[in-house]
Amino acid sequence: MKYSIIVPVFNRPDEVDELLESLCSQTLKDFEVVIVEDGSEKTCKDVCDKYASILDLHYYYKDNSGPGQSRNYGVERAQGEYVLIIDSDVVLPTGYLEAVHLALNSTLSTPHPIVAFGGPDASHPSFTPVQKAISYSMTSFFTTGGIRGGKKKLDKFYPRSFNMGIRRDVYLQLGGFSKMRFGEDIDFSYRIVEAGYQSQLFPEAWVWHKRRTDFRKFFRQVYNSGIARINLEKRHPGTLKLVHLLPTVFTVGVIGLILISAVGRVLMHYDDVHRWYWLCAAPWLPIILYSLIIATDSTIQNKSLKVGLLSIPAAFVQLMGYGLGFIESWWKRCVLKQDEFTAFEKNFYQ
């Protein structure tokens, strides 16, 4: 057995069904699937039973402890030489495992074989317009796509848990994922590199990633990611780069522009309207320009005006949600000097 696919699950049986169906169609068959039910009330046991005769599938149920600890639980029980960490909201193209296999084999004869790796994600044609807009906002160069897993435009590549692979013995040697509830995949990626192992992007090993299905859930996700960024810097000093500040700069800038416009509106009310009109209107110009860039680029990429228009709120939710979470975390961790667990016990550790 060469590959073990580890999937933590929390109340998402329908997603697991789609993932397992895609695994049945893989061109490379030398793999097992380890499903770890993380204390779900709505389990996927019946779904797994449906595929038990088709796949080499192992189902485990455990008390809730978060995705990182559930992955560790699965890896401890896995048999593969390599473990592939996949999120439950992922669907794999038929050639995914073969792409991983070919990329790994190409490095075995080199002086430094690849130990850890990851791949990019994409939007599936069946995704809803909102899902496609969210996928665009998470992968676009005009948002933060250049610093996430799957691209190497602005920062080094660090695999993300939706599509991440590592040799099992190295995983166990490093202790797997920490108890962080958010940012635990980047924390693990940092520790892999800090231990002297090389991490590489496999561009052909891409997946379809559904992400969140509405903007409210998406905001909570990116807000927690912003919080995690400061926690990661505390754990790994020096990893906070200028590019990680861009969403916060964007957030402060947008709020500042709106406040300036509000001041102009107040002055128009009490003074000559024409004198202060520019102060009321001008701050909206960069916001409108950015929105037009997002809408145009997304419309072209997705071949849909509706998705293009939905990408505007998706981009603002992504950048400002992250930025606000970053600011809160900076205030609690850097100004108030609270530790990681007590500062965000309500968010993460209940």
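## Basis of the values

Because the model is predicted, local features require pLDDT of at least 70 and side-chain atom pairs count only at pLDDT 80 or more, while totals for chains, interfaces and linings use all residues. Residues are numbered from 1 along each chain as its sequence is written, and side-chain values use heavy atoms, with hydrogens and water left out.

## Nonpolar cores

A nonpolar core is here a set of buried Ala, Val, Leu, Ile, Met, Phe, Trp, Tyr and Cys residues joined through side-chain atoms within 4.5 Å, where buried means under 20% relative accessible area, exposed over 50% and partly exposed in between, with a 1.4 Å probe and protein chains only. The largest such core has 35 residues, of which Tyr3, Leu20, Leu23, Ile35 and Tyr96 touch the most other members. At least two residues of this core come from each of strand E1 (3-9), helix H1 (13-23), strand E2 (31-38), helix H2 (45-51), strand E4 (82-86) and helix H4 (96-105); helices (H or I, at least four residues) and strands (E, at least two) are DSSP runs, numbered from the N terminus. H4 provides the largest share, six residues. Apart from this core lies another, of 17 residues, among them Val36, Val115, Met164 and Phe188.

Leu20 is in contact (heavy atoms within 4.5 Å) with Val33, Ile35, Val47, Cys48, Tyr51, Leu55 and Leu57, not counting residues up to four places away in sequence.

E5 and E10 (residues 207-209) run antiparallel and are joined by two bridges, with Val90 opposite His209 in E10.

## Aromatic pairs and charges over rings

Rings of Phe, Tyr and Trp (its six-membered ring) pair if their centres lie within 6.5 Å, and planes under 30 degrees apart count as stacked, over 60 as edge-to-face and the rest as tilted. The whole structure holds 15 aromatic pairs. Phe141 and Phe142 are edge-to-face, because their ring centres are 5.8 Å apart and their planes at 75°; Phe141 is partly exposed at 48% relative accessibility, as is Phe142 at 35%. Phe250 and Tyr290 form a tilted pair, 5.2 Å centre to centre with 55° between the planes.

A charge sits over a ring if NZ of Lys or CZ of Arg is within 6 Å of the ring centre and within 35 degrees of the ring normal. Arg71 places its charged end over the ring of Phe177, 4.8 Å from its centre.

Definitions and conventions: Two strands pair if DSSP finds at least two bridges between them.
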